[in-house]
Amino acid sequence: MAQTIIERERHTEESSAYAIAIRQLETAAHYLNLDRSLLEVLKHPRRELIVNFPVKMDDGSIRVFTGYRVHHNPARGPAKGGIRYHPEVTLDETRALAMWMTWKCAVVNIPYSGAKGGVVCDPKRLSVHELENLTRRYITEISMLIGPESDIPAPDVGTNPQVMAWIMDTYSMHKGYTVPAVVTGKPIAIGGSEGRLEATGRGVTVMAHEALKQIGSQLEGATVAIQGFGNVGSATAKLMHQAGAKVVAISDVRGGIYNPNGLNIPALLHCAGRDGCIQAYRDAEPITNEELLELPCDVLVPAALHGVITGHNAERIKARVIVEAANGPVTPDADEILDDKGVLVVPDILANAGGVIVSYFEWVQDLQAFFWEEEEVNRKLEKAMRRSYEHVAQTAEQNKVNMRMGAYIIGVKRVAEATTIRGIYP
Ligand code: NAD
């Protein structure tokens, strides 16, 4: 029942994900006293490609799928952004996610602009063969946009290193030679980076550490609830557990599990790996996704989809810190309520930037054909995350705004500056 409420909530927010992104940009523009015409440029995605393409299914039938690829503002470098496979992917959501990528890359100061892509499909209902056919055809359809100098995709919800490998292979087949730098998040065997798989979760863990320090607390011994147990949620749980935090609740699309004394994360990872879901883990009580968000805990990590903490449930959130591992999990209405309650929210465009930072490292390694050890990757990642946190916290304090607006001020300012310096062509 409560699962349905989350789903319904997400539906209402989904049509307005881009509107939320615009609202956040306008607020930042106000603080920066940004020129109206420059704001107009930043509001619009540079290009949007919609593709409808046929895929041969295992039973011999042919199904038509719809996919998108959106580039936001190209001022700071090649477009970079994940590819999402989910039944509720829309152009509106893809636009919002592309814009958020632009600010994210600027906040952590890596030389990319924002992009996002997606295909409307349920990957869980496709065979491996169908998934490969779909991926290869989608990549062929958007091939006029992607390339190591123009647009570098990465994993997102519903996609994984295997999908990235098919992307790399498809693009390389068209070129006639191997092009590892066209996509990041690949398996190590074909030019992936050490540390990429856990990079977003590692970054989230560093952010939780910094946020708790800011409020005079620490990660060791802190209680943590995590919504989502995919790439980001599971790595976050593992690394938080290793750092001495007590992970008390976890959920996935089917619902959650809760044990106030702490979950045994290595055992849970084993269960989930074996059974494909967390529900087989016995030493916990079942809870709904909605209940998980409202649990008493020090750190709440939404690591699934956007629009889950809204004006309707924000008042009931009991966490002291929210680290936004997902993109857009807290709506602007909820932000105001959480601010009033004194909850420290580490915004998505900072909190989950670990993924794109190590994607950037992977791209650099691929271009140079020279690979780094995991220790070096992790050290550089943690340094970049800590430096960015400090910059955002300082900017927020100077402007008397929350961390989200602090991050927006930095990101929008850098993109506006690059756009202005480059000038308007012709
Ligand atoms: P994933 O597909 O690996 O995992 C998603 C998880 O969310 C799964 O456990 C799934 O069961 C759960 N889920 C799906 N629908 C749900 C619902 N309605 N309610 C509750 N749980 C639900 O995806 P991921 O790569 O871990 O991405 C998770 C979030 O992190 C997304 O918002 C994504 O944009 C963001 N993100 C991912 C990366 C990355 O490197 N993968 C980087 C930055 C941000």
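The model is a predicted one, and the values given here are computed from it.

The domain assignment of the protein chain gives two parts, with domain 1 covering 47–190 and domain 2 covering 199–351. Their C-alpha centres lie 27 Å apart, and the contact between them draws on eleven residues from domain 1 and eight residues from domain 2. The size of an interface is often given as the accessible area lost when the parts come together. By that account, domain 1 and domain 2 bury about 840 Å² between them, and 64% of this area is on carbon and sulfur atoms.

On the side of domain 1, Trp-100, Lys-104 and Val-107 together supply 46% of the area that this domain buries against domain 2, which is more than any other three residues supply. As for pairings across the interface of domain 1 and domain 2, the rule finds zero salt bridges, while two residue pairs are found in polar contact, both at pLDDT 80 or more. The elements of domain 1 that give two or more residues to the side touching domain 2 are strand E3 (79–86) and helix H4 (91–107), and of these H4 gives the most, with six residues. Sorted by class, the side of domain 1 that touches domain 2 has five nonpolar, one polar and five charged residues.

Salt bridges can next be followed through the structure as a whole. Side chains of opposite charge can pair when their charged atoms come close. A search of the whole structure finds 27 salt bridges, and one of them joins Asp-156 to Arg-84, with the closest N and O atoms 2.5 Å apart. Because Asp-156 lies in the loop between strand E5 (151–155) and H6, whereas Arg-84 lies in strand E3, this pair ties together parts that are 72 residues apart in sequence. Both Asp-156 and Arg-84 are buried.

Another salt bridge is formed by Glu-132 and Arg-136, whose closest N and O atoms are 2.9 Å apart. These residues are four residues apart in helix H5 (residues 128–141), so about one helical turn separates them. Glu-132 has 22% relative accessibility and therefore counts as partly exposed, and Arg-136, with a relative accessible area of 23%, is partly exposed as well.

In helix H7 (residues 199–214), Lys-213 and Glu-210 are three residues apart, so they too are separated by about one helical turn. The two form a salt bridge in which the closest N and O atoms are 3.5 Å apart. Glu-210 counts as buried because its relative accessibility is 9%.

A last stop is Ser-172, which has its place in helix H6 (residues 161–175). This residue counts as buried because its relative accessibility is 4%, the cut-off for buried being under 20%. The side chain of Ser-172 reaches the backbone oxygen of Met-168 at 2.7 Å. Leaving aside residues up to four places away in sequence, Ser-172 touches Tyr-177, Thr-178 and Val-179.

Notes:
Residues are numbered from 1 along each chain as its sequence is written. This is a predicted model: local features need pLDDT of at least 70, side-chain atom pairs count only at pLDDT 80 or more; totals for chains, interfaces and linings use all residues. Side-chain values use heavy atoms; hydrogens and water are left out. Domain bounds come from an automatic or database domain assignment. Contact means heavy atoms within 4.5 Å. Buried area is the accessible area (1.4 Å probe) that two parts lose on being put together, summed over both. A salt bridge is a side-chain nitrogen of Lys or Arg within 4 Å of a carboxyl oxygen of Asp or Glu. A polar contact is a pair of N or O atoms within 3.5 Å; within protein, one must be able to donate a hydrogen and the other to accept it, and residues adjacent in sequence count only if both atoms are side-chain atoms. Ala, Val, Leu, Ile, Met, Phe, Trp, Tyr, Cys and Pro count as nonpolar, Asp, Glu, Lys and Arg as charged, and the others, Gly among them, as polar. Buried means under 20% relative accessible area, exposed over 50%, partly exposed in between (1.4 Å probe, protein chains only).
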